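Colleague: I would like to learn how to read a structure step by step, beginning with a single residue and ending with a sheet. Could you take me through this one?

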Amino acid sequence: MGDVAKAAGVSRPLVSIVMRDAPGASDATRERILRIAAEMGYVPDARARKLRQNSSRLIGISFELQQPFHGDVVEQVYLAAAESGYDVALSAVSPSRDEPTAVESLIRERCDALIVLGMKAHADDLRRFTNRVPMVSVARRLKAPFLGIVRGDDKAGLRMAVEYLADLGHARIAHIDGADAPGSADRRASYRRTMQRLGLGEYVDVIAGGLTEADGARGTRELLTRPTPPTAVIAFNDRCATGALDYAARTGLRIPDDLSIMGYDDSRLARIPHVQMTTVSQDARELARAAVDLALEQLQGEAPREIVVQPRLVVRETTQPLG
């Protein structure tokens, strides 16, 4: 800042006024200082500025690096946060970086509040974090009144998927579940319950799956070894469904002529032109906006609460009537 002031022939406080976009400089002076700063490559130190403020105006997000749907939610959080005058800081969870590390990183960045996507941590661990900063958990049903919760209705989503396929004439409907992933138990239970209610209990077939393409391929391989394979498969998420689609195609099956496959999330994977996957949408935009709203409510002193977002069916090209 001192270098910019010297080059512009003005005082350092005047440069500070211009960089903060505060009143006190003429238009001509402001334009000249900004031009010189740009020529010199000067960028204001946002971290130093935040240290002098009571509020960082930052919302931190912890997310799974390998989950496309989390990326969709993060994109929408950026938009919702900006509308309220907040910026976003990201911290990823990956095979080499665990959840506590990701959250601690955001706390060190002095984020005003945190949004955690699909976090698997025990409630006691989450309480330890919420003692330091307001937090909102997204995409997980959790009994934790000390933090905000935003989630999709997983039971309704699987019920919707089974009913849709049954209406198409499918009876042998299998489910590749998400193992211990958040939401998997609710989806698995809803699948069983809906199949029983529709009189299809004898065809209930649950494969232990997971969140990845490899899980979907493995589950599909197991299903296709059945004496009478299913005619339709509901995967835990779109990644898992992508693996199911790939494996089925490599075995020579035509999708959806020989096998209907559904995903869950309506992530960017489902919308790829050559995929066009039928799926259950969790509505990333609605989840993100609700999460930002709850974070800001807690910053204003309101008690944490839960918001449940209703899913919707998105029909594309990987399912068709049984024929």
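Modeller: Let us begin with Thr130, which has its place in helix H7, residues 123-130; helices (H or I, at least four residues) and strands (E, at least two) are DSSP runs, numbered from the N terminus. This is a predicted model, in which local features need pLDDT of at least 70 and side-chain atom pairs count only at pLDDT 80 or more, while totals for chains, interfaces and linings use all residues. Residues are numbered from 1 along each chain as its sequence is written, and side-chain values use heavy atoms, with hydrogens and water left out.

Colleague: Is Thr130 buried or exposed?

Modeller: Buried means under 20% relative accessible area, exposed over 50%, and partly exposed in between, with a 1.4 Å probe and protein chains only. Thr130 counts as buried because its relative accessibility is 16%.

Colleague: Which residues does Thr130 touch, not counting residues up to four places away in sequence?

Modeller: Contact means heavy atoms within 4.5 Å, and with that exclusion Thr130 touches Met135, Phe146 and Leu147. The side chain of Thr130 also reaches the backbone oxygen of Arg127, at 3.0 Å.

Colleague: How many residues does the largest nonpolar core have?

Modeller: A nonpolar core is a set of buried Ala, Val, Leu, Ile, Met, Phe, Trp, Tyr and Cys residues joined through side-chain atoms within 4.5 Å. Here the largest has 29 residues, and those with the most contacts inside it include Val77, Ile115 and Val138. Among the elements that each supply at least two residues of this core are strand S1 (58-64), helix H5 (68-83) and helix H12 (284-299), and H12 gives the most, with nine residues.

Colleague: In what order do the four strands of the open sheet lie?

Modeller: In general, strands of a sheet pair through backbone hydrogen bonds, either parallel or antiparallel. Two strands count as paired if DSSP finds at least two bridges between them. In this open sheet the order is S7-S6-S8-S9, and the pairing is parallel. Strand S7 (205-207) and strand S9 (260-262) each have a single partner strand, so one side of each is left without a neighbour in the sheet. Strands S6 (residues 173-176) and S8 (residues 232-235) are joined by four bridges, and Ala174 stands opposite Val233 in S8.

Colleague: Which strands does helix H10 lie across?

Modeller: Axes are lines fitted to C-alpha atoms, for helices over the stretch in contact, and angles run from 0 to 180 degrees between N-to-C directions. Helix H10 (residues 213-223) lies across S6, S7 and S8, running at about 145° to S6.

Key
Polar contact = N/O pair within 3.5 Å; in protein donor to acceptor, adjacent residues only side chain to side chain.
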